[in-house]
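Colleague: Please take a close look at one part of this model, and say which side of it faces in and which faces out.

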Amino acid sequence: MTTRHPTRDHASGPAKEPAGRRPTVLLAMGPGIAGRLLDARHRDRLTALARTDPRLVAHELADPTPEVAAALADAEVLLTCWGAPPLTGRVLDAAPRLRAVVHAAGSVKHHLTDACWERGLTVSSAAAVNALPVAEYTLAAILFANKRVLHSAHRYRGLRAPHDWHEELAAAGNYRRTVGVIGASRIGRRVIELLRPFELRVLLHDPYVTDADAARLGVRPVPLDVLCAGSDVVTVHAPQLPATRHLLGARELALLPDGATLINTARGSLVDETALLPELVSGRLHAVLDVTEPELPPAGSPLYELPNVLLTPHVAGSLGTELHRLADHALDELERYARGRPFTGPVRPEQLGRSA
């Protein structure tokens, strides 16, 4: 495997190779992902930290090519991202030296199996890092929703004439509005943190958060019904679990005040879309939807055309330059592993029942 490239400090020229041993690493992720995740700087750092060929990316591990099979047999660490192939017992049998998985994205549920935990693999995830752009998208959506930006933009496009906007938007604005956050996940907590500079009241629903935890977050913990009935904006940040499917159904949606906005950047399955659509078509509610069920709405779905709906194609999470933050985090974790230090973003099997 190709190796031996020192790290480079672009401001001061070549730098010394990081202290610590150099584990053997294999990249495993979906087609095209590695090229977007790792730029030249990242590849230089990766080859300085580890014995690896950054050009070799495993898209398939159950039936690998001879080159990937040889790399898998030698790998101590897998560097994974979106589209990583499942790490089944059979795959692990072909990877006798494997000790750790560093995931340069959020959820590991798509590729980690029970066999990984039985094998005692150490796992890291960039979920906390990937939470940042989702929370930023949510903050923008909350502030725009209360300001009625989408409504006024559509109206302005149609009128194209002088109009008394102060009269029409008399009920708009962010001053002393109430935001309901469903789920004190990494993203939910980051949203709460980003809302602190604004004069907004924040309610939180999360059955696992104690009153003391809520006090530290600076929010008021309430049952879901109370949150729905009392919020001008409701934003969903709960994990996708059997227990959270259609968490917001017809009953909960009916509790939202007239003119309230629902924001969903979590998973489409958390909202009963058949119950939501009539509320949106009638104009009673507004929505900002970055996720739907199905992931791609049918071509004839009203969601594409409704003036009170902002529909985006699952772009709240890391994309573009934000992928490089995921890469930086993953390489930081790999360096910690090489130096015998614990991961900053560890994943443990007991967490998965309550996480995305």
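Modeller: On helix α13, the face turned away from the buried side carries the exposed residues T274 and V281. The model is predicted, so to speak of local features pLDDT must be at least 70, and side-chain atom pairs count only at pLDDT 80 or more, while totals for chains, interfaces and linings use all residues. Numbering starts from 1 along each chain as its sequence is written, and side-chain values use heavy atoms, with hydrogens and water left out. Exposed here is over 50% relative accessible area, buried under 20%, and partly exposed in between, with a 1.4 Å probe and protein chains only. Helices (H or I, at least four residues) and strands (E, at least two) are DSSP runs numbered from the N terminus.

α13 spans residues 273–281, and its buried residues are E273, A275, L276, E279 and L280. Viewed down the helix axis, these fall within an arc of 155°, so they line one face of α13; the arc is that of the directions from the axis to the C-beta atoms. An α-helix has 3.6 residues a turn, so residues three or four places apart point the same way.

The cover over the buried residues of α13 includes helix α12 (250–255) and the strands β12 (261–264), β13 (286–289) and β14 (309–311), contact being heavy atoms within 4.5 Å. Just after α13, G283 has a positive phi of about 85°.

For a helix pair elsewhere, the contact of α6 with α14 is made by V129, N130, L132, P133 and E136 of α6 (residues 127–147) and E322, R325, L326 and H329 of α14 (residues 322–338).

Terms used
Axes fitted to C-alpha atoms, helices over the stretch in contact; angles between N-to-C directions.
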